[in-house]
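Dear colleague,

Please find the structure below, passed on to you for your review. A short account of the findings follows it.

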Amino acid sequence: MEEKLPNRSTDYSKAVAPLLTVLGITVGAWQFTSQMSHESKMEFSRSMYTKKLQAYEEVGKAVGDLLVVPHDERLWISAEDTMAFDSCLERFRTCYWGVLPLVEDSTVEVAMIQFKDMARFYRRGENDYHDLAREGMSLMNACNQSLENHWSRPKKGE
Amino acid sequence: MLRIPFLILGLGFGILVNAQQDALATLTGDGSLQWMVVGNATTPKCSPGDAIYTFSAKEVVIQQCAEGAWKSTKEVLEPWSAGGKNGIAFGGARYEVKSLPASAAACKGNANCVRLTTVPDGKTDATRSIYLAH
């Protein structure tokens, strides 16, 4: 009597097929989760960028308003401009305390502080218009740099 | 070939050193100068908040009023320069130095008047200004 030996290759394929199926499902699930996670991170980053852009636009407008108050860009503030200047400074301070703490980075923060100080000094007649304009330009450059850096350097905890 | 880049580098460095020296020279007068906080009490007995700063090339002696008497401390003075700005640093803070006209309200009519303003350090939003006259 001849005993029939089991076909080894058939046995292997029977074992490997379900394994491959499980592996395929696992890889697919992992890819899906990873993609979703990446998408949600990108979505958060996009919404932060939009908020940042809006906040910086508001700051830019406040800075611009402050810089156009002095008529003919006079070197020193004149008595008739002080009221309008104070009103614009108030709006800048609202941006400073209300909008930016949520989105700003350290460079923008420093530039905001320095512009706020310079506006005060200009108002008191300690610094001239050129100093104020220079600080305004530095602030807008810092905002611009912050927007550029947003996509190149992920923040801690993001 | 390399003369022009070296010349530009040299000029840039020269301007930087000169700007740093300006802040220091304003306060030291190329020697040693004593500055009083604008509004210091003129009576023999000092009042809280009164201070006298004596600047020299490497150090600053700060006399502050404590309980009616002067208390003196010494700090190392160093020039600094960053991001197109410059000034002096002492006591753990960096200051920008600005000469002010006597007409500035904070100078209270003092002809030789300067303002020392701290540079934001990233830890606090507040900056501090010291108005000095001599």
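In which loop of chain B is the place of B:Lys108? B:Lys108 sits in the loop between β7 (93-100) and β8 (113-118) of chain B, where helices (H or I, at least four residues) and strands (E, at least two) are DSSP runs, numbered from the N terminus.

Please note that this is a predicted model, in which local features need pLDDT of at least 70, side-chain atom pairs count only at pLDDT 80 or more, and totals for chains, interfaces and linings use all residues. Residues are numbered from 1 along each chain as its sequence is written, while chains are lettered from A and ligands numbered from 1 in the order in which they are written.

B:Lys108 is not a glycine, yet has a positive phi of about 50 degrees. B:Lys108 counts as exposed because it has 12 C-beta neighbours inside 10 Å; a residue is buried if 20 or more other C-beta atoms, placed from the backbone, lie within 10 Å of its own, exposed if 12 or fewer, and partly exposed in between.

B:Glu67, also not a glycine, has a positive phi of about 50 degrees. B:Glu67 belongs to the loop between β3 (59-66) and β4 (69-76) of chain B and is exposed, with 7 C-beta neighbours inside 10 Å.

Chain B as a whole contains one helix and nine strands. Of its 134 residues, 19% are buried.

In chain A, A:Gly24 lies in helix α1 (residues 8-68). A:Gly24 and A:Gln114 are 90 residues apart in sequence, and their C-alpha atoms are 58 Å apart in space.

With kind regards
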